[in-house]
Amino acid sequence: MTTKEYTKILREHGIRPSVQRIAVYDYLWKHRTHPTAEEIFTALAPSIATLSRTTIYNTLRLFTEKGAAQMITIEEKEMRFDVLTEIHGHFKCSHCGSIRDFTLGGDSIQKYLPENARGEAFQVYVHGTCADCAAKGK
Ligand SMILES: [Zn+2]
Ligand SMILES: [Zn+2]
């Protein structure tokens with residue numbers, strides 16, 4: 001995606017696009033690894049001299065509030081960020097720590113909820129062994 005497209009999406013979410021915000025959004029789209037704020041800061045700081053950790057945290061909080069990204073907390077005390085905001089599950093490999101998305105229809109979860117309950121936020125985490133680690137005999 002181009003800067004122009006990012007700008008449009010951010011505006012649609014009611015976010016005023018700034019150089020820093022576009023850079024963070026771009027990073028999230030290009031790194032679908034569910035990075036932490038610290039990882040994003042470390043990656044972007046060398047190219048944006050004015051960038052601070054506070055800016056990164058504030059930007060990520062804004063994205064989450066406005067629905068442009070979601071915060072996932074697979075491990076306690078470790079906030080990770082994801083631009084994929086539609087319902088999906090997360091698979092975390094216990095060996096290499098990689099976190100991958102998997103498709104999960106909201107409708108399919110809905111049918112397991114208590115009768116007449118309406119699910120509004122879904123966080124589905126599965127821990128296990130990823131294909132790469134399984135191939136290495138883990
Ligand atoms: Zn693995
Ligand atoms: Zn995800």
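**Close-up views of a predicted protein model**

View 1. H90 stands opposite Y125 in β5, where strands are DSSP runs of E of at least two residues, helices are DSSP runs of H or I of at least four residues, and both are numbered from the N terminus. Strand β3, residues 88-93, is joined to β5 by four bridges, and these strands run parallel; two strands pair if DSSP finds at least two bridges between them. The model is predicted, and for this reason local features need pLDDT of at least 70 and side-chain atom pairs count only at pLDDT 80 or more, whereas totals for chains, interfaces and linings use all residues. Residues are numbered from 1 along each chain as its sequence is written, while chains are lettered from A and ligands numbered from 1 in the order in which they are written.

**View 2. The open sheet of three strands.** The strands of this open sheet stand in the order β4-β3-β5, with mixed pairing. Its edge strands are β4 (99-103) and β5, each of which pairs on one side only. On average, and with direction ignored, neighbouring strands of the sheet are turned by 30 degrees against each other.

**View 3. The surroundings of I72.** I72 is found in strand β1, which covers residues 70-75. Although I72 and H90 are 18 residues apart in sequence, they are 9.0 Å apart in space, from C-alpha to C-alpha. If neighbours within four places in sequence are left aside, I72 is in contact with H34, R80, D82, H90 and Q123, a contact being two residues whose C-beta atoms, placed from the backbone, lie within 7 Å. Is I72 buried, exposed or partly exposed? I72 counts as partly exposed because it has 18 C-beta neighbours inside 10 Å; a residue is buried if 20 or more other C-beta atoms lie within 10 Å of its own, exposed if 12 or fewer, and partly exposed in between.

**View 4. Two residues with positive phi.** H34, which lies in the loop between α2 and α3 (37-44), has a positive phi of about 60 degrees although it is not a glycine. H34 is buried, because 24 other C-beta atoms lie within 10 Å. N116, in the loop between α5 (106-110) and β5 (125-128), is likewise not a glycine and has a positive phi of about 65 degrees. N116, however, is exposed, because 5 other C-beta atoms lie within 10 Å.

**View 5. The packing of helices α1 and α2.** Helix α1 (residues 3-12) and helix α2 (residues 19-30) pack at an angle of about 100 degrees, and their axes are 10 Å apart; the axes are lines fitted to C-alpha atoms, for helices over the stretch in contact, and angles run from 0 to 180 degrees between N-to-C directions. The two helices α1 and α2 are therefore roughly perpendicular to each other, a description that applies to angles of 65 to 115 degrees, whereas angles under 35 count as roughly parallel, over 145 as roughly antiparallel and the rest as oblique. On α1 the contact is made by T3, Y6, T7 and L10, and on α2 by R21, I22, Y25 and D26.

**View 6. The two domains.** The domain assignment, which is automatic or taken from a database, gives domain 1 (3-74) and domain 2 (88-135). Their centres, taken over C-alpha atoms, are separated by 24 Å. Four residues of domain 1 are in contact with five residues of domain 2.
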